[in-house]
Amino acid sequence: MFIKQLQLKNYRNYEQLDISFDNKVNVIIGENAQGKTNLLEAIYLLAFTKSYRTANDRELILWDKDFAKITGMISKNNDQQIPLELIFHKTGKKAKLNRLEQKRLSEYIGALNVVMFAPEDLSLVKGSPQVRRRFIDMELGQIEPIYIYHLGQYQKILKQRNHLLKQLQHQKQQDITFLHVLTDQLVKHAAIIVKKRFDFLKLLRKWAIPIHLQISRELEQLDIVYTSTIEVLEDDDEGKLENKYYAAFSEVEANEIRRGSTLVGPHRDDLIFYINHKDVKLYGSQGQQRTTALSLKLAEIDLIYEQIKEYPILLLDDVLSELDDFRQSHLLSTIQGKVQTFVSTTTVDGINHDTLKQASIYSVQKGTITPY
């Protein structure tokens with residue numbers, strides 16, 4: 001798939017933009033704060049309806065304007081043309097697929113598949129567990145949108161449950177019957193979430209391990225392990241996972257009331273990356289951590305293709321300058337000719353690769369884009 005046309009109105013520093021793109025590689029060159037990252041963010045937003053840079057949608061709206069609009073025309077392998085539209089108001093947002101407003105995000109997400117690689121993704125390994133959970137949630141949600149529904153329901157119930165636990169902690173509430181009702185609801189979604197995460201992890205290993213072996217010149221063996229707040233196994237079915245969660249919640253209930261917080265569940269789970277059986281976060285060099293992150297991102301491309309028979313769009317947001325020549329070359333060779341790619345950078349000087357020589361290059365300055 002590729003994005004043929006992008007239109008922006010009152011978005012970030014773009015008052016008005018209507019631009020068509022090459023279906024191979026597009027390089028966006030500009031100084032900092034001119035709008036190159038905003039452009040890549042707009043494509044990311046079309047895929048996920050939320051930004052990777054801010055949780056506040058109001059920041060997406062141009063100063064002094066009432067709304068922002070992002071419109072994209074997506075072309076798929078079967079020549080299907082799909083219009084996507086997002087409208088952000090100060091009070092909320094609307095997502096349209098084929099010009100029809102979607103009531104649930106899970107019915108919208110998946111129409112456009114995107115893999116984002118930004119400098120902050122290099123901290124995927126050494127960052128907080130929240131970063132790695134977000135990585136799983138965003139990538140899994142693209143290939144299986146129903147996951148987004150269960151995750152959203154889980155987060156909604158979790159918020160209610162934590163609020164009730166705070167009331168029980170401060171003795172503003174005495175009856176724990178409602179706590180058990182919320183626990184029942186939470187467990188059902190938790191079991192589905194963890195089962196789908198395990199299934200995704202098997203796919204991720206399948207693609208990331210050989211890529212990592214190749215980048216490390218066959219010197220390093222990668223492994224990825226899912227760690228949970230309770231003892232779960234990859235082969236557990238949803239019924240077995242539910243039973244394990246019921247047992248765990250029963251065991252920690254008194255402690256949860258005392259602390260006013262939900263102590264077990266997929267919202268506390270994590271991924272651990274190992275190279276040659278050593279934890280990369282604790283013992284890996286910066287180079288090993290970056291190779292691991294790069295392997296995961298490249299794995300996503302083939303993983304998504306395997307699942308939906310379409311290559312995703314790749315967004316490289318100012319990341320090439322963060323990689324050494326060898327990793328740069330491996331990344332660009334991997335995408336050459338098969339993935340529509342957007343590269344934002346301040347300069348292409350020093351990057352000597354055929355992929356960029358054949359690219360369409362644009363210059364961005366103060367929210368205005370022109371062919372280079």
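Is E41 buried or exposed? E41 is buried, with a relative accessible area of 0%; here buried means under 20% relative accessible area, exposed over 50%, and partly exposed in between (1.4 Å probe, protein chains only). Welcome to a predicted model, in which local features need pLDDT of at least 70, side-chain atom pairs count only at pLDDT 80 or more, and totals for chains, interfaces and linings use all residues. Residues are numbered from 1 along each chain as its sequence is written, and side-chain values use heavy atoms, with hydrogens and water left out.

**The whole protein**

- The protein has nine helices and 15 strands, taken as DSSP runs numbered from the N terminus (helices: H or I, at least four residues; strands: E, at least two).
- Its radius of gyration is 22 Å, close to the 21 Å that the globule rule gives for 372 residues, so the protein is as compact as a globular protein of that length. That radius is taken over C-alpha atoms, and the rule is 2.2 Å times the number of residues to the power 0.38.
- Along the principal axes, the C-alpha atoms fill a box of roughly 65 × 55 × 40 Å.
- Of the 372 residues, 52% are buried.
- Among contacts with a separation of 6 or more, 70% come from residues 24 or more positions apart; a contact means heavy atoms within 4.5 Å.

**Salt bridges**

- Side chains of opposite charge can pair when their charged atoms come close.
- The whole structure holds 19 salt bridges, each being a side-chain nitrogen of Lys or Arg within 4 Å of a carboxyl oxygen of Asp or Glu.
- One of them joins E41 and R12, at 2.8 Å from N to O. This pair links distant parts of the chain, 29 residues apart: E41 is in helix α1 (residues 36-48), and R12 is in the loop between β1 (2-11) and β2 (14-20).
- R12 is buried too, with a relative accessible area of 16%.
- Another salt bridge connects D235 and K202, at 3.7 Å from N to O. D235 lies in the loop between β9 (222-227) and α5 (238-259) and K202 in helix α4 (residues 177-215), so the pair ties together parts 33 residues apart in sequence.
- D235 is exposed, at 67% relative accessible area, while K202 counts as partly exposed at 37%.
- E300 and K297 also meet in a salt bridge, at 3.4 Å from N to O. They are three residues apart in helix α7 (residues 286-308), and thus separated by about one helical turn.
- Both E300 and K297 are buried.
- Salt bridges with shared partners join R12, E41 and R53 into one network.

**A look at helix α5**

- At the N-terminal end, D237 caps α5, with a side-chain oxygen 3.2 Å from the backbone nitrogen of G239. A polar contact is a pair of N or O atoms within 3.5 Å; within protein, one must be able to donate a hydrogen and the other to accept it, and residues adjacent in sequence count only if both atoms are side-chain atoms.
- A kink of about 55° in α5 is centred on V252; the bend at a residue is the angle between axes fitted to the seven residues ending there and the seven starting there.
- Buried residues of α5 include L241, Y245, F249 and V252, and their cover includes α3 (146-169) and α4.
- After α5 comes G260, which has a positive phi near 70°.
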